[in-house]
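Subject: Structure handover

Hello,

Here is the structure we talked about handing over. My notes on it follow below.

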Amino acid sequence: ALLRRAKASVLAQTHRDLKVLISDNASQDDTALVCKGYERADQRVQYVRQPVNITPVPNFSWLFSHADTEFVLMVADDDWLAPDYIERCLAVMDRDRSLAIVTGVNHYAENDVRHHLARNLDLTESSPSRRVLRYLRGRWSSTAFYGLLRASAVRPALPIANVMGADWIFIAAVVF
């Protein structure tokens, strides 16, 4: 049910020119059947099944390394996007080609109650080390990891270290 909602929110974006690459991390349920149906129904969807469970962080690295687009956006099965999310993030990226990451506001829903997860961070200082320090001082969620990222900034930060806090370390490398 979560995967269906996430997929629907991505494919319903007002920005229609997108590719959806699904990496099934060797699920033990009917995920393969569901995803193959998505692939048949929409030419923008490509489904890949990992032969064994490679754990989440290497699966994220695999996805980032196989993205062949100018921008990448990671969406987990329990995520969903506002219909104009990609369009709005791209508009910001288009206005400033130096930006590596643009995010919206993340919320966490629990028992039909929405909790705000992150505050706005401006990481546009000219000093890479100051950007990293501001990021690390201001983080307490994975908002940037799930933002729209410029692929050219992502590639040098790969592979993602398979350690605790991997998302923070990865984003610190991207903003550097």
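**A buried arginine**

Arg131 is buried but forms no salt bridge, and the nearest side chain of opposite charge, Glu125, is 6.1 Å away. Buried here means under 20% relative accessible area, exposed means over 50%, and partly exposed is in between, with a 1.4 Å probe and protein chains only. A salt bridge requires a side-chain nitrogen of Lys or Arg within 4 Å of a carboxyl oxygen of Asp or Glu. For charge, Lys and Arg count as positive and Asp and Glu as negative, while His and the chain ends are not counted. Arg131 sits in helix α5, residues 128–138. Its contacts (heavy atoms within 4.5 Å), leaving aside neighbours within four places in sequence, are Leu123, Glu125, Ser126, Val175 and Phe176.

**Where the values come from**

This is a predicted model, in which local features need pLDDT of at least 70 and side-chain atom pairs count only at pLDDT 80 or more, while totals for chains, interfaces and linings use all residues. Residues are numbered from 1 along each chain as its sequence is written, and side-chain values use heavy atoms, with hydrogens and water left out.

**Overall fold**

The protein has seven helices and seven strands. These are DSSP runs numbered from the N terminus: helices are H or I with at least four residues, strands are E with at least two. Along the sequence the pattern reads α-β-α-β-α-β-α-β-β-β-α-β-α-α.

The radius of gyration is 16 Å, which agrees with the value near 16 Å for a compact globule of 176 residues. That radius is taken over C-alpha atoms, and the globule rule is 2.2 Å times the number of residues to the power 0.38. Along the principal axes, the C-alpha atoms fill a box of roughly 45 × 35 × 35 Å.

Of the 176 residues, 39% count as buried. Among contacts with a separation of 6 or more, 67% are between residues 24 or more positions apart. The protein exposes about 10,600 Å², and carbon and sulfur atoms supply 54% of it. The areas come from the Shrake-Rupley method with a 1.4 Å probe; for residues, only the protein chains shown count as cover.

**Backbone points to check**

Most residues other than glycine have a negative phi, and most peptide bonds are trans. Which residues have a positive phi although they are not glycines? Ala26 has a phi of about 55° and Thr55 one of about 75°. Ala26 is in the loop between β1 (20–24) and α2 (31–41), and is buried at 8% relative accessible area. Thr55 is in the loop between β2 (45–49) and α3 (56–66), and is partly exposed at 35%.

A cis peptide bond joins Leu158 and Pro159, with omega about -5°. Pro159 is in the loop between α6 (151–154) and α7 (166–175).

**Other buried residues**

Gln50 is also in the loop between β2 and α3, and is buried at 7% relative accessibility. Not counting residues up to four places away in sequence, Gln50 touches Ser23, Asp24, Asn25, Ala26, Asn59 and Trp62.

In helix α1 (residues 2–11), Ala6, Ser9, Val10 and Leu11 are buried. The cover over the buried residues of α1 includes β1 and β2.

Cys35 is buried at 0% relative accessibility, and Cys89 is buried at 4%. With a disulfide taken as a pair of cysteine sulfur atoms within 2.5 Å, the count is zero.

Regards
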